[in-house]
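Please keep the sequence and the model in view while reading.

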Amino acid sequence: MGRKAEATIEVIDWDPPRQATMRTINGPVEMEITTRFEEQEDGTLLTINGQAEFGGFFKVAEGLAGRQVEKNMKSDLASLKRLLENGSS
């Protein structure tokens, strides 16, 4: 959205290789994200759950910002999947 946002993230739960939970401790967006990894027959299932509370400029554009975050996350995860499966970009 043409804006740069910086935040400090703290790991609050670490259970390798199954789960990690992180939260922001400062920045324009309060969020907590949990990632879970589950072994499957043909690979690994990655589940990401998160909650966010937007502040500052992002509060005004909360709906748009939320949709943009979701779009970026889907794109990033598709790229990661492709890299992991093919070993190249």
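**A sheet and its pairings**

Thr35 has Ile48 as its bridge partner in S4. The model is a predicted one, in which local features need pLDDT of at least 70 and side-chain atom pairs count only at pLDDT 80 or more, while totals for chains, interfaces and linings use all residues. Residues are numbered from 1 along each chain as its sequence is written, and side-chain values use heavy atoms, with hydrogens and water left out.

Thr35 is also the bridge partner, in S3, of Ala20. Ala20 itself lies in strand S2. Is Ala20 buried or exposed? Ala20 counts as buried because its relative accessibility is 8%; buried means under 20% relative accessible area, exposed over 50%, and partly exposed in between, with a 1.4 Å probe and protein chains only. Leaving aside residues up to four places away in sequence, Ala20 touches Asp13, Trp14, Ile33, Thr34 and Thr35, where a contact means heavy atoms within 4.5 Å. Ala20 and Arg36 are 16 residues apart along the chain, and their C-alpha atoms are separated by 6.8 Å.

These residues belong to a wider arrangement. The protein chain has 2 helices and 4 strands, where helices (H or I, at least four residues) and strands (E, at least two) are DSSP runs numbered from the N terminus. Along the sequence the pattern reads β-β-β-β-α-α. The 4 strands form an open sheet in the order S1-S2-S3-S4, with antiparallel pairing; two strands pair if DSSP finds at least two bridges between them. S1 and S4 are the edge strands, each pairing on one side only. On average, neighbouring strands of this sheet are turned by 15° against each other, direction ignored; axes here are lines fitted to C-alpha atoms, for helices over the stretch in contact, and angles run from 0 to 180 degrees between N-to-C directions. In general, strands of a sheet pair through backbone hydrogen bonds, either parallel or antiparallel.

How many bridges join S2 to S3? Strand S2 (residues 19-26) and strand S3 (residues 29-40) run antiparallel and are joined by 5 bridges. Thr21 has Thr34 as its bridge partner in S3. The hairpin of S2 and S3 has 2 residues between the strands, and Gly27 takes a positive phi near 120° there.

S3 is in turn joined to strand S4 (residues 43-54) by 12 bridges, and these two strands run antiparallel. The hairpin from S3 to S4 passes through 2 residues. Ile33, one of the residues touched by Ala20, has Gly50 as its bridge partner in S4.

Some totals complete the picture. Of the 89 residues in the protein chain, 12% are buried. Among contacts between residues at least 6 apart in sequence, 18% join residues at least 24 apart. The mean pLDDT of the chain is 85, and 84% of its residues reach 70 or more; pLDDT is the predictor's confidence in each residue, from 0 to 100. Confidence is highest in strand S1 (residues 8-15), at a mean of 96, and lowest in helix H1 (residues 57-60), at 62.
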